[in-house]
Amino acid sequence: MHAYIYCSHRQSQCKQSKQQKSSRRDCPASVNMARTMSSVRRGAAELVAPARATPHEFKPLSDIDDQEGLRFYRSGLFLYRRRAAMDGVDPAAVLRAALSEALVHYYPLAGRIVEASPGRKLLVECTGEGAVFVAAESGVAMDELGEVTGPPVPRHEELLCAADGAYADGGVVGRPLLYFQVTRMRCGGFVWGLQICHCLADAAGVAQFMTAVGEFARGVPGAPTVKPVWARELLSARRPPLPRDVAAPRHPEYEAVPDAGRDKVSHSDALVHRPFFFGRREIAALRALAPPSLASRSSRFDLIAAFTWRCRANALQYDAADAVRVQFVVNARGGGRGRRSNAPPLLPDGYYGNAFAFAVAESPAGELRRRPFAHALRLVVDAKARAMEEGHLQSVADLMAARGRPRFAVARTYVVSDLTRSGLDGVDVGWGAPAYGGPATATLATFHVAGRRSGDGEEGVEVPIRLPAPAMERMVVEVARELGGVDAHTEACLAARL
C-alpha cells in the first residue's frame, strides 16, 4: 500500500475497534434541524453504528471515486404505501435495525473521509461512528404527493434530513457519509430518504447497499446476498504513470468549451421543471429518423439522449458557432461491457464504488440545429464507443492523479445518466416494491428514469428537464415537432407566445 500523510485529527492506529453500539450522540448542527413550518415533525438525529465490532482502518478511495466533481452528497427517496399485513410495525425501527446490521458489512459507510497530502487523495477512516438517522412524522398522506414517477419529488425538502446537495462545496471531509430519514405518513405509508456521499458509491452501488438494508429488514437468510467488495485499487492510477511517449485518450469531459462563460443557463436562473415521456411510439419515431445501419446499433438511451440534447440546445438558442455538448455516464460493470468481448470483467461482483466514465459528444450549435437527428445520434453512439474502449476508464484514473482531480466541465453541456436499470425502484424493505424509488431532485444535470405515461399507464422512460420558462416553451415545441405531435397552426400559436 502506498504511503499517505493522513490529514486527520485522529491519530489512532488501524486495529479492531471496540464493540460499537448505536447511540444518541450529538450530530452535526446541519442535521439537528429545527422543526420547520412544514407538515413534518422530525425526531432527534442520532448516529447508528454497526451492530457489531468492525475493523478500524484506512481505506483509500479509487481515483475515480475522489474526483472533485463527486465530492458532494446525492439524495434518493423511496415511497412505500400502507400494507395491511404490516400494520402496527414501525418502519423507522425496522430500518434503523436493518441499517445497523448492513453497516457491519458496509462498514466504510460508518466512517469518515480524510484527505491525504500531497495530491488531495481521499481515504475513508473506518471509525465505526455511524450514519445519521432521523425518524419523522408527517400530517400528509401519500396520495397528497400525487403520482410520483420521477424527480423532483413533491415536498422532498421535508423528507430528507439534510438539504439536497448538502456540502456541494466539496465539504465531505470529516462528515458522516450517510444520512437516513424515515417519515411515517398519515395514511400508514412511509418515505425513506437517503443522502450519501457520492465518493463512496454510484447509483448501482447505492442500489446494492439499499437492497442489503432491505434484506436485513425482511430477515433474508444469509443477508446480504451480494457480498460487498471494496477493491478500489482496481480503479486507481497506474504507478508508475503511463510513459509520456504513450498516447493517452483525450478526455474532453474535463476540458471547458471555448468561451465557457457564454452559457445560456445556470443554476442561479429561475428554472421551471417538466418531464418528457418516451414510450413505444416515441422510440419508434426516433428510430425511424435514423438510417437503419445507425438505428440498429443505437440503444434506447442513445436515441433519447441524442434527441433531448438536440432539442434542448435548440431551445436555448445558442449561437451557431457555440460548441455544445452532451455528457453521459458509461458504466464499467457487467462482464466485459465496455471491454473486448473476450476480456475478463474489470470489476468483481459486489463492487459498490464509482465505476463509470463520462462519454462526451460535441457539435457546433448551428450544425446540430441544421443537420438531421441522425447527426446527433451518430455523435452520441461514437462517443459511447470511445468511452467503452479498453483502458479508457483506467486513463481517467491516471488523469485524476496527474491533474489534481479536476471537476468535469458543465458549461453548454447537457449532463445525463440512465437509471432505468439501476434497481433503485425495486428496493423492498418488507412493504413490497416502492411506489417510487429514485432521485429526490433533478438539476440542470438529469436522469432517465423508469416512468409511466399519464392516462394509459404505458411503461417507458421519463426525462425530467429544468430550463428557464421561455426555453422550456421552445423545447416543448421542438420535441412535439420532431415527433410529429404538433400541427402547423398549433406551432404558430406557441411560437407567437415566445
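Modeller: Axes are lines fitted to C-alpha atoms, for helices over the stretch in contact, with angles from 0 to 180 degrees between N-to-C directions. Helices (H or I, at least four residues) and strands (E, at least two) are DSSP runs, numbered from the N terminus. This is a predicted model, where local features need pLDDT of at least 70, side-chain atom pairs count only at pLDDT 80 or more, and totals for chains, interfaces and linings use all residues. Residues are numbered from 1 along each chain as its sequence is written, and side-chain values use heavy atoms, leaving out hydrogens and water.

Colleague: Which residues of α6 and α10 make the contact?

Modeller: From α6 they are F307, T308, R310, C311, R312, N314, A315 and L316, and from α10 A471, R474, M475, E478, V479 and E482. Contact means heavy atoms within 4.5 Å. By class, the contact of α6 with α10 has seven nonpolar, two polar and five charged residues. Ala, Val, Leu, Ile, Met, Phe, Trp, Tyr, Cys and Pro count as nonpolar, Asp, Glu, Lys and Arg as charged, and the others, Gly among them, as polar.

Colleague: Changing topic, what volume does the largest cavity have?

Modeller: About 40 Å³. A cavity is a set of points on a 1 Å grid over the protein atoms alone where a 1.4 Å probe fits but cannot get out, and lining residues have an atom within 4 Å of a point. Grid points are joined across faces, edges and corners, and the volume is the space filled by probe spheres set on the points.

Colleague: And which residues line the largest cavity?

Modeller: W309, R312, A313, Y318, V324, R325, R412, T413 and Y414. The largest share, three residues, comes from α6. The lining has five nonpolar, one polar and three charged residues.

Colleague: Back to helices: at what angle do α1 and α3 pack?

Modeller: Helix α1 (residues 91-105) and helix α3 (residues 203-218) pack at about 120°, with their axes 8 Å apart. They are therefore oblique to each other too. Residues that meet there include L95 and L99 in α1, and F209 and F216 in α3.

Notes. Angles under 35 degrees count as roughly parallel, over 145 as roughly antiparallel, 65 to 115 as roughly perpendicular and the rest as oblique. On a 1 Å grid over the protein atoms alone, a cavity is a set of points where a 1.4 Å probe fits but cannot get out, and a pocket is an open set with protein on both sides within 12 Å along at least five of seven lines; lining residues have an atom within 4 Å of a point.
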